[in-house]
Amino acid sequence: MSEFNTEQLKAIEFENGPCVVAAPAGSGKTRCFTHRIARLLEKGTLPSQILGLTFTKAAAESMKNRLVYLISPEQQLDLTLGT
């Protein structure tokens, strides 16, 4: 996880409730959230309990595409990601 800065790591490692991140374009929000989702799943959160919301369709698609490399196909089926 050395590729993330301190603020990104705080969002990835946050575990208690919803996490909202406000940051400018190109700051790594989508990458950060995909790793947060993968981490929650590693810790035992059920995919059906995760709702990933973004402001654009492109970001939602990017999250889906990135998660292919981070989580199992079964977990992907029960995740809800969108705008």
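Trainee: Where is the place of Leu51?
Mentor: Before we start, this is a predicted model: local features need pLDDT of at least 70, side-chain atom pairs count only at pLDDT 80 or more, and totals for chains, interfaces and linings use all residues. Residues are numbered from 1 along each chain as its sequence is written, and side-chain values use heavy atoms, leaving out hydrogens and water. Helices (H or I, at least four residues) and strands (E, at least two) are DSSP runs, numbered from the N terminus. On that scheme, Leu51 sits in strand E1 (residues 51-53).

Trainee: Does Leu51 count as buried or exposed?
Mentor: Buried means under 20% relative accessible area, exposed over 50%, and partly exposed in between, with a 1.4 Å probe and protein chains only. Leu51 has 57% relative accessibility, so Leu51 counts as exposed.

Trainee: How many Å separate Leu51 and Ala25 in space, C-alpha to C-alpha?
Mentor: Along the sequence, these two are 26 residues apart. In space, the C-alpha distance between Leu51 and Ala25 is 21 Å.

Trainee: Over to helix H1: what arc do its buried residues fall within?
Mentor: In H1 (residues 6-13), the buried ones are Gln8, Ala11 and Ile12. The arc is that of the directions from the helix axis to the C-beta atoms. Seen down the axis, these buried residues line one face of H1, because they fall within an arc of 100°.

Trainee: At the start of H1, which residue's backbone nitrogen does a side-chain oxygen of Asn5 reach?
Mentor: A polar contact is a pair of N or O atoms within 3.5 Å; within protein, one must be able to donate a hydrogen and the other to accept it, and residues adjacent in sequence count only if both atoms are side-chain atoms. The Asn5 oxygen comes to within 3.1 Å of the backbone nitrogen of Glu7.

Trainee: At what angle do H1 and H2 pack?
Mentor: H2 is among what covers the buried residues of H1. Axes are lines fitted to C-alpha atoms, for helices over the stretch in contact, and angles run from 0 to 180 degrees between N-to-C directions. The two axes are 8 Å apart, and the angle is about 35°.

Trainee: Which residues of H2 make the contact with H1?
Mentor: Contact means heavy atoms within 4.5 Å. H1 brings Gln8, Ala11, Ile12 and Glu13. From H2 come Arg31, Cys32, His35, Arg36 and Arg39.

Trainee: What is the relative accessible area of Arg39?
Mentor: Arg39 lies in helix H2 (residues 29-42). Not counting residues up to four places away in sequence, Arg39 touches Ile12, Glu13 and Glu15. Arg39 counts as buried because its relative accessible area is 17%.

Trainee: On to H3: what arc do its buried residues cover around the axis?
Mentor: The buried residues of helix H3 (residues 57-67) are Ala59, Ala60, Met63 and Leu67. They are on the same side of H3, because they cover an arc of only 100°.

Trainee: What do the buried residues of H3 pack against?
Mentor: On the other side of H3, Lys57 and Ala58 are exposed. The buried ones pack against H2, E1, helix H4 (73-78) and strand E2 (80-82).

Trainee: What is the relative accessible area of Met63?
Mentor: Met63 has its place in helix H3. Among the residues Met63 touches, not counting those up to four places away in sequence, are Thr30, Phe33, Ile37 and Leu81. Met63 counts as buried because its relative accessible area is 2%.

Trainee: How far is the backbone nitrogen of Ala60 from a polar atom of the Thr54 side chain?
Mentor: Thr54 is in the loop between E1 and H3, and Thr54 counts as buried at 16% relative accessibility. The gap from that polar side-chain atom to the Ala60 backbone nitrogen is 3.4 Å.
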